[in-house]
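Dear colleague,

Please find below the structure that I am handing over to you. My findings follow it, and I would ask you to read them with the structure open.

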Amino acid sequence: MEGIQEVRDLLRISKNILITSHRNPDGDALGSSLALSLYLQEMGHNVKVAAPSEYPSTFTYLPQIKSFFIYDVHNEELDPFIDTCDVVFALDFNALDRIDRLGAKIASLKDAKIIMIDHHLDPEPFYDYGLSETTASSTAELVYEFIKQLEFRAPISMEVATCIMTGLITDTGSFKYNTRPETFTCAAAMQATGINVKEIQDLIFNSMKVKQMKLLAHALYKRMEILEEYRTALIVLNKYDYQNFDIQRGDTEGIVNYMLMMKDIELAAFITQQPQIVKISMRSKGDISVQEIARNHFRGGGHKNAAGGAQYGSLTKVIEKFKEVLPQYMEKREVQK
Ligand code: 5GP
Ligand code: MN
């Protein structure tokens, strides 16, 4: 990290530190934030962790998650602390608009240093120090890298390792994609602390509620459309699906990935009609960049093979727009009948 010596100096004495992560925090956002928080507390800092909105119930096993602040709900309680912060960390996002009102609050701080640790494409220059590596599997992997660069030399605790392992597992789909040698080096170091990796895998993946399993079946059987000539699959969940299946935060996690299990499908899109917005989540194989589609048409971003965005307005408009722009990104192929 450029300026690491200054960061080490900054963290030499006890500080008030806020760690922030993105809206709808996922396993990597939560895992990397809590891991860094635990480590900084061991160094003697006073740390609070926040994201704009609620986290999925899957992650209630993470150490200290009960003290995670949800800014939409706890802003009045948190603001006086933020005003005293000397250091703000931005984890798993790279533009202040990803954290909504929390972004405006941080931008209003005059003296605080902002440190970004992230692995998404196209970072915006809102930070003082940044560890931005788009080839990293996860922000959790980069938090491990950052901890090493701090040279504080406190051993990694099992609690920190549980959080980092969660980020690694969720952002790589259990080490299936986005890996590089450093990912496995990090995973090895985490397992060496004595954590039970199988148990973490089970907590994340083998803990579905019955209604979630039924929703998955419904989505694949009743809501999936195959656009064969564009090697694309699309699932749309409307507001009635949300009512009928009582869909809560996190219940739709992972559905989009199933579509890429089909041999001839190279792009998968998952569109959901949520109370305020219509959200699009995309995955792709190989060279197809869903990040470009998200960025160019849905005010979003992410990674080349996993990206998302959102739009106000009608569900039909978003579906139409997706189908309209698709030919710009996917060459049309004749379908053998
Ligand atoms: P997911 O589809 O799982 O919600 O997100 C996939 C990736 O795209 C994640 O890395 C996530 O941070 C990014 N992403 C999802 N939604 C948005 C969005 O609305 N804006 C931006 N900039 N990135 C997003
Ligand atoms: Mn991530």
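**The metal site and its surroundings**

Asp 28 is buried, because its relative accessible area is 0%, under the 20% that sets the limit for a buried residue. Please note that this is a predicted model.

Which residues supply the protein donors of the manganese ion (ligand 2)? They are Asp 28 (OD), Asp 92 (OD), His 119 (NE2) and Asp 171 (OD), which lie 2.2 to 2.4 Å from the ion. Along the sequence, the spacing of these donor residues is D-x63-D-x26-H-x51-D. Asp 28 belongs to helix α2 (residues 27–42), while Asp 92 is in the loop between β4 (87–91) and α4 (100–107); the pair therefore ties together parts that are 64 residues apart in sequence. Asp 92 is also buried, with a relative accessible area of 1%.

Helix α2 also holds Ser 32, a buried residue at 0% relative accessibility. A polar atom of the Ser 32 side chain lies 2.6 Å from the backbone oxygen of Asp 28 and 3.4 Å from the backbone oxygen of Ala 29. Beyond its neighbours within four places in sequence, Ser 32 is in contact with Gly 27, Leu 91, Thr 139, Ala 140 and Val 143.

**The nonpolar cores**

The largest nonpolar core comprises 54 residues, and those with the most contacts inside it are Leu 11, Phe 89, Phe 146 and Ile 164. Apart from this core lies another, of 23 residues, including Val 290, Ala 294, Val 325 and Leu 326.

Yours sincerely

Notes
Residues numbered from 1 in each chain as written. Chains lettered and ligands numbered in written order. Predicted model: local features only at pLDDT ≥ 70, side-chain atom pairs only at ≥ 80, totals over all residues. Heavy atoms only, no water. Core = buried A, V, L, I, M, F, W, Y, C linked by side-chain atoms within 4.5 Å. Buried < 20%, exposed > 50% of the residue type's maximum accessible area, 1.4 Å probe, protein only. Donors = N, O, S within 2.8 Å, 3.2 Å for Na, K, Ca; no water. Helix = DSSP H or I, 4+ residues; strand = E, 2+ residues; numbered from the N terminus. Polar contact = N/O pair within 3.5 Å; in protein donor to acceptor, adjacent residues only side chain to side chain. Contact = heavy atoms within 4.5 Å.
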